[in-house]
Amino acid sequence: MDFQPLVETFGKMEETSSRLALTDHLVALLKETPADLIDKVTYLIQGKLYPDYEGIEMGLAERMALRAIASSSSRSMSEVEAIYRKKGDIGDAAREAMESKGQSTLFSEQMTVERVYCTFDKIAKTTGPGSQETKLRLVASLLNDSTPDEGRYIMKFVMGALRLGIADYTVLDALAIAFTGDKANRKVLENAYNVSSDLGTVAKLLATKGLAAVKAVQITLFKPIRPMLAERVSTAEEAMERMDSRAAIEYKLDGERVQIHKGRDRVELFSRRLEKITDHYPDVSKAAMSLACKEAIMEGEVVAVNLQTGEYLPFQQLMHRRRKHGIEEAMENYPVVINLFDILYLDGKSRTELPYEERRKLLEKTVKGAKDNGIMLKIVPQVVATEPAEIDRFMASAIENGCEGVMVKMPSSTYRAGAREYLWVKLKREYRTELADTLDLVIVGALHGRGRRVGKYGALLLAAYDPKEDIFRSVTKVGTGFTDIHLDQFYRELEKHVIHQKHARVDTGMSMEVWFEPVIVIEVIASEITLSPSHMAAMDAIKEGYGLALRFPKFTGKIRDDKEPEGATTTDEIVTMYRRQLKIHSEAAKSKEQEKKKKESEEGEE
Ligand code: AMP
């Protein structure tokens, strides 16, 4: 297949911000793609070579990329650097360098998707001493035979700067339309995606074997399953109402969610975002190897602990485990335990269809026989309750033990991969602000810093997630709660995600000086939620022409890099929080009113 149709589609996609139009372009491209290439094209349009969990990256240094452009456009390095500085984007720089040189492609080999993918793959897989030079040669070989437009996308891809704004759900829609003619079939594709986390393989299966084969996709060891998520509630009564007569209540630990895949001779760990994090926790992997089974997939929360007191430590402590070197030392200084809460697969069989209470029994049995003796492998504390008062009591004990709150789960529920429903609900502790809860929001824009903050960002525009439209809608601008270290760190991290205009998946009425791809999630607290004409979160939900905004927001110091942007607080959750706040206010006002009346009548009697 020629590379040209991909380049043309990418171009059209860059120009649109409408999800419908994006889907149409994708459908056209998928229809044009031969079935045996569908997986590769699916990965390429998402800027990947493999599913995320493989953790495969190009690993080409920026300087080498610039050298590749210089060599294939017969320019000096300083000329290319000047163009790059002017353009600010590696792809645009490549195109300009190649264009003005009037590069001829007359005698060059034809650029095909197969060749591009295969070369990218070689680049990614080249490691060890001298690998940067080899990678450079491979990139240059592609550029030598490309048109400037092709070169632009090749460089964007190689440097991880291809930003077409396509969410997984858009690809699922497009696949359903292209191969079955019916968008409703997306549900089937979504299920297969939820248990395999591999869009490329799902796409290829659909294109080559049809919908029935996709329906039959099963959980597989070492392929992460998209995690089941919880809705939030604000009272024990509300939590109980969501359950049938009984509720399984568990500690909600403040650590990192880990999905353990234990095989006969190896263990892999995946994060909530499905990245492979085996290297962060060699101690957890070793303990998991001792489980009393041949193969299993389990979920749990890794928490840092003080081994002396057994006390749980804050989530930030786990950051020390995210390093390439010195992990032995980090294991010693920052010990962890894992609190298991679910089992999804055991010895060749998926267990997701079992009711939760059965899975818990199976989990207990499997962990009991482990040689670890409960040192590292623990099972999350749980009680089964029938009354809200029991939830409150368990909550108090959870908080006393350093937890964030409790999780309340439906004992009869199956494991619903990738779903956020009321089968699991979370009840968090009250904070000192008027708003009972923290919010996890996505950074989408910024204003430059002034005064002491010159050269950094002064305020960040934050957005909540609207899952119905798959869009991030702004909800507040935050400028407090940052230390100098945070400010530096944010500047460095966000710089990688700067884009020249508002992202296609961002909706806001605020004008900003800098825009970002919606990637980084941070936690904030706020004093209250108000109606706002310029923020778009929950627009029209409460009042026509108004969205909802946070007042006096403050960064809590927590960067939620365990959450993907789609895992941020949703606009619906903000509506619920707003209504709850109104209710609290009106109840407070009512009791004040009653008191006043009582006082007046007493005075009258006197
Ligand atoms: P949140 O991140 O606020 O949406 O809360 C959901 C997260 O709580 C999960 O993804 C887990 O990382 C974590 N968690 C802590 N304890 C439990 C538990 N007992 N069951 C399920 N999730 C838990």
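Tutor: Gladly! Buried means under 20% relative accessible area, exposed over 50%, and partly exposed in between (1.4 Å probe, protein chains only). This is a predicted model, where local features need pLDDT of at least 70, side-chain atom pairs count only at pLDDT 80 or more, and totals for chains, interfaces and linings use all residues. Residues are numbered from 1 along each chain as its sequence is written, and side-chain values use heavy atoms, with hydrogens and water left out.

Student: Is Lys252 buried or exposed?

Tutor: Lys252 is found in strand β2 (residues 247–252); strands are DSSP runs of E, at least two residues, and helices are runs of H or I, at least four, numbered from the N terminus. Its relative accessibility is 14%, so Lys252 counts as buried.

Student: Which side chain makes a polar contact with the side chain of Asp121?

Tutor: Asp121 sits in helix α7 (residues 113–125) and, at 16% relative accessibility, counts as buried. A polar contact is a pair of N or O atoms within 3.5 Å; within protein, one must be able to donate a hydrogen and the other to accept it, and residues adjacent in sequence count only if both atoms are side-chain atoms. At 2.7 Å, the partner is the side chain of Tyr50.

Student: Within what arc do the buried residues of α12 fall?

Tutor: In helix α12 (residues 199–209), the buried residues are Leu199, Gly200, Val202, Ala203 and Leu206. They line one face of the helix, because seen down the axis of α12 they fall within an arc of 165°. That arc is taken over the directions from the helix axis to the C-beta atoms. So the value is 165°.
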